[in-house]
Amino acid sequence: MSNYTIPVKVSAIKDVAPAIREFTLVAEKDGDLLAFSAGSHVVVTMKSEEAVMRNAYSLVSNPNDVSCYKISVRLQEESRGGSVFMHSVVKEGDVLSITPPSNLFAPYWGAKKHILIAGGVGVTPFMSYIPQLLQSEETVEMHYMFHSSKTGAYRDELESQLGNRLFCYDSDQGVRGNLTDILSDQPVGTHVYICAVHKA
């Protein structure tokens, strides 16, 4: 396994949901970053006084634009330290160390239809899927389940991209998705992708 890492500068930080913060990363020196494919992630190294932490975060930016990478981090109630570090320590202008993009969750381009099911911050890998799926004129729909008091990031952006192919379920409003209903009567050749919350 390679130990190669890339130094990147945090060029912008913004809150995209009550408990989710987006970080824009650019090359430490001028230039583009490495190309990546839909569903890719990077591993961020975080060094505190107590420990060195390494967490994987999905790239939420468009794979067609490598002028920057964007990652989103949910502040976890029972964090192992990584999400607290990203939310409370990392500031604009800081330099972080990341691995080159890697992909363990790529879409299957031979599918007849793509159904994306996201739970909370699990929406993040799909943010890089959607531009490429739409560019390739793939048949796609997204079912997005979240608690608006904490998560639900990127709803406006997703609605703009997907229109009536986006279905939102806000548990805080008593609206829940039913997988049986979602998956019933789908055409042969449909592929389903599911990503939900994990601790960091």
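**Close-up views of a predicted model**

**View 1. Strand E5 and its pairing with strand E2.** In E5, Val-73 is the bridge partner of Arg-21. Strand E2 (residues 20-27) and E5 pair in the antiparallel sense over six bridges, two strands being counted as paired if DSSP finds at least two bridges between them. Helices (H or I, at least four residues) and strands (E, at least two) are DSSP runs, numbered from the N terminus. Because five of the six residues of strand E5 (residues 69-74) are buried, this strand is largely enclosed by the rest of the structure; buried means under 20% relative accessible area, exposed over 50%, and partly exposed in between (1.4 Å probe, protein chains only). This is a predicted model, in which local features need pLDDT of at least 70 and side-chain atom pairs count only at pLDDT 80 or more, while totals for chains, interfaces and linings use all residues. Residues are numbered from 1 along each chain as its sequence is written, and side-chain values use heavy atoms, with hydrogens and water left out.

View 2. Ser-128 lies in helix H2 (residues 124-135) and is buried, with a relative accessible area of 0%. The side chain of Ser-128 reaches the backbone oxygen of Pro-125 at 3.0 Å. Not counting residues up to four places away in sequence, Ser-128 touches Phe-36, Ala-38, Gly-39, Ser-40, Leu-59, Val-60, Ser-61 and Pro-63, where contact means heavy atoms within 4.5 Å.

View 3. Glu-138, found in the loop between H2 and strand E9 (140-146), is buried, with a relative accessible area of 16%. Leaving aside residues up to four places away in sequence, Glu-138 touches Trp-109, Ala-111, His-114, Leu-133 and Arg-165. The C-alpha atoms of Glu-138 and Gly-189 are separated by 12 Å, the two residues being 51 residues apart along the chain.

**View 4. The largest nonpolar core.** Of the 25 residues in this core, Leu-116, Val-123, Met-142, Tyr-144, Tyr-154 and Leu-158 touch the most other members; a nonpolar core is a set of buried Ala, Val, Leu, Ile, Met, Phe, Trp, Tyr and Cys residues joined through side-chain atoms within 4.5 Å. The elements that give two or more residues to this core are strand E1 (6-17), strand E8 (113-119), H2, E9 and helix H3 (155-162), and H2 gives the most, with five residues. Apart from this core lies another, of 23 residues, among them Ile-6, Leu-33, Val-73 and Phe-85.

Methods
A polar contact is a pair of N or O atoms within 3.5 Å; within protein, one must be able to donate a hydrogen and the other to accept it, and residues adjacent in sequence count only if both atoms are side-chain atoms.
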